[in-house]
Amino acid sequence: MTTVTVWNEYRHERADDAARDVYPDGIHETIAEFLEDRGFDVRTATLDEPEHGLTEEVLDDTDVLTWWGHEAHDEVENEVVERVHEQVLSGMGLLVLHSGHFSKIFKRLMGTTCDLKWRDEGEKERLWTVEPGHPIAEGVGECIEIPETEMYGERFDVPAPDALVFTSWFEGGEVFRSGCCYRRGAGRIFYFRPGHETYPIYHRPEIQRVVTNATAWASPVEISEPSFGNVPEPPESE
Ligand code: ZN
């Protein structure tokens, strides 16, 4: 069974009424609940726990880590970021959600600023499936409409993704690469845009479907350990 650790900064939902109304137990509990319902073995971890809840032991037992953060990216200890980075390179899947685009771990893995445009006016978003054959798009349909959301617009300063699964259109005219797949080392990374803390976006079944598909896609696959360094003799030819 795939083991998932749902990580959340968990600050907005404790401090802001608007966020608490939508996610009374925190965004992590909402995500953990629907992933559990779909058969994943799920635990949660939050910023204010010791080592942010991401000890060696927890990460060693995590197939896929999901990451939601916003206002406290700088409070994530570099040592923990290193630890997560190493795990991704050795095969752990990582889902970076919404404002997680500015997290230390995502910036480290991308090597770019990961900056973007934004505007929070409750605009409509249409999230178009541009790669319908991709496993993350399975059962999603041509388009997801989110009636009210925060806008993110291009330029999104990330490397060109290995696969772009969703592209968003916003009422104000901006567009955004909302579903981006990457590989770093043996690990699979998916960036998924929707999910501002004051809109009930993770309660929407079609969004839950994408997160579920992405969790399955990012799960580690068996690979043979590569060898490195000097090879004194070429392999025998047959
Ligand atoms: Zn936001």
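A residue is taken as buried when its relative accessible area is under 20%, and as exposed when that value is over 50%. In this predicted model, Cys114 has a relative accessibility of 0% and therefore counts as buried. Cys114 sits in the loop that runs between helix 6 (104-110) and strand 5 (117-129), and its phi is near 60°, a positive value in a residue other than glycine.

Most residues other than glycine have a negative phi, and most peptide bonds are trans. A positive phi is also found at His52, where the angle is near 55°. His52 belongs to the loop between strand 2 (41-46) and helix 4 (56-60), and because its relative accessibility is 7%, His52 is classed as buried. A further backbone feature is the cis peptide bond between Glu154 and Arg155, with an omega of about 10°; Arg155 lies in the loop between strand 6 (143-153) and strand 7 (163-170).

The cysteines can be followed next. How many disulfides does a search of the whole structure find? The search finds zero, and Cys114 is accordingly in no disulfide, the nearest cysteine sulfur being that of Cys180, 10 Å away. For Cys180, the closest cysteine sulfur is in Cys181, at 7.7 Å, which is too far for a bond, because a disulfide requires a pair of cysteine sulfur atoms within 2.5 Å. Cys180 has a relative accessibility of 1%, so Cys180 counts as buried.

Technical notes: Residues are numbered from 1 along each chain as its sequence is written. This is a predicted model: local features need pLDDT of at least 70, side-chain atom pairs count only at pLDDT 80 or more; totals for chains, interfaces and linings use all residues. Side-chain values use heavy atoms; hydrogens and water are left out. Helices (H or I, at least four residues) and strands (E, at least two) are DSSP runs, numbered from the N terminus. Buried means under 20% relative accessible area, exposed over 50%, partly exposed in between (1.4 Å probe, protein chains only).
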